[in-house]
Amino acid sequence: MTTETVEYIRYRIPEDRSAEFLSAYTHASAKLAAAPQCVDYELARCEEDFEHYVLRITWTSTEDHLEGFRKSELFPDFLADIRPYIENIEEMRHYKPTAVRGRGAAVPTLFAWAGGAEAFSRLTTVFYEKVLADDLLAPVFEGLAPEHAEHVALWLTEVFGGPPAYSETQGGHGHMVAKHLGRGITEPQRRRWVNLIQDAADEAGLPTDPEFRSAFLAYVEWGTRLAVHFSGPDAKPPTEQPVPVWTWGAAPPYRG
């Protein structure tokens with residue numbers, strides 16, 4: 001489980017001090033942005049009662065916050081900025097994330113945007129037809145099991161935010177990684193794999209908008225580079241991990 005911790009600081013700031021409070025935190029946030037212990041932060045204001053604010057800071061760990069940031073050279077200046085408002089703090093505590101988490105439907109998953117399970121089934125069918133006909137990749141996939149393309153479709157479905165069928169029937173990330181151990185995949189083979197799956201995505205009719213394709217390619221680059229690493233002679237199997245779930249990243253879906 002992640003060691004990250006979320007600190008919540010709840011303020012009650014009189015409305016006549018709100019402008020100076022926001023200005024102080026705008027200045028103080030530069031220290032948070034520079035802190036290697038800080039993952040992200042956000043200051044929110046209550047809509048029903050403008051005097052209430054909540055500052056949310058995600059730290060790499062509680063210890064990193066208390067022993068790292070608070071003892072760093074950044075902290076004195078941060079404290080100086082917010083000191084006038086310490087008396088207005090109503091709560092300041094660390095919270096550990098639980099397993100209850102997820103995303104709503106306001107932004108579609110990459111899985112849904114691509115066209116669902118049928119789209120990924122088409123993708124892997126087309127892709128492995130290309131792989132088996134390719135002089136560079138065919139030797140890597142010699143003796144390919146008939147169900148391989150289907151299993152990869154389940155994997156991609158889960159990676160891009162669809163149902164967790166791969167986890168339920170095959171295993172987690174470690175199970176997929178184990179399939180690459182000792183295979184000695186080369187960089188030219190990895191690059192050919194990347195090129196062919198992009199060609200297959202075109203032929204299978206996956207969306208061609210730049211937002212989807214940039215996220216799709218980002219995963220393909222990440223996944224294939226891990227495959228090369230774990231196929232090397234000195235690679236050690238990772239501890240069991242869940243299947244990664246890829247998101248849109250910096251560019252959410254465009255809706256004109």
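Predicted model: local features only at pLDDT ≥ 70, side-chain atom pairs only at ≥ 80, totals over all residues.
**View 1. Helices α1 and α3 pack against each other through a contact of ten listed positions, named below.**
Helix α1 spans residues 18–34 and helix α3 spans residues 75–82; their axes come within 9 Å and cross at roughly 165°. The two helices are therefore roughly antiparallel to each other, and α1 passes α3 in a left-handed crossing. On the α1 side, the contact is made by Ala24, Tyr25, His27, Ala28, Lys31 and Leu32, while α3 contributes Asp77, Phe78, Asp81 and Ile82. By class, the residues of this contact comprise six nonpolar, one polar and three charged.

**View 2. The largest pocket of the model has a volume of about 730 Å³.**
Its lining consists of 34 residues, of which Tyr128, Phe141, His148, Met176 and His180 are the closest to the centre. Four helices each supply at least two residues of this lining: α6 (148–159), α8 (173–178), α9 (187–203) and α10 (210–230). The greatest share comes from α10, with eight residues. Across the lining of the largest pocket, 21 residues are nonpolar, eight are polar and five are charged.

**View 3. The second largest pocket holds about 590 Å³ of space.**
This pocket is lined by 22 residues, and those closest to its centre are Arg103, Thr109, Gly161, Val245 and Thr247. The lining of the second largest pocket divides into twelve nonpolar, seven polar and three charged residues.

Definitions and conventions:
Residues numbered from 1 in each chain as written. Heavy atoms only, no water. Axes fitted to C-alpha atoms, helices over the stretch in contact; angles between N-to-C directions. Parallel < 35°, antiparallel > 145°, perpendicular 65-115°, else oblique. Left-handed = near helix turned anticlockwise from the far one by under 90°. Contact = heavy atoms within 4.5 Å. Nonpolar A, V, L, I, M, F, W, Y, C, P; charged D, E, K, R; others polar. 1 Å grid on protein atoms, 1.4 Å probe; cavity = no way out; pocket = protein on both sides within 12 Å on 5 of 7 lines; lining within 4 Å. Points joined across faces, edges and corners; volume = space filled by probe spheres on them.
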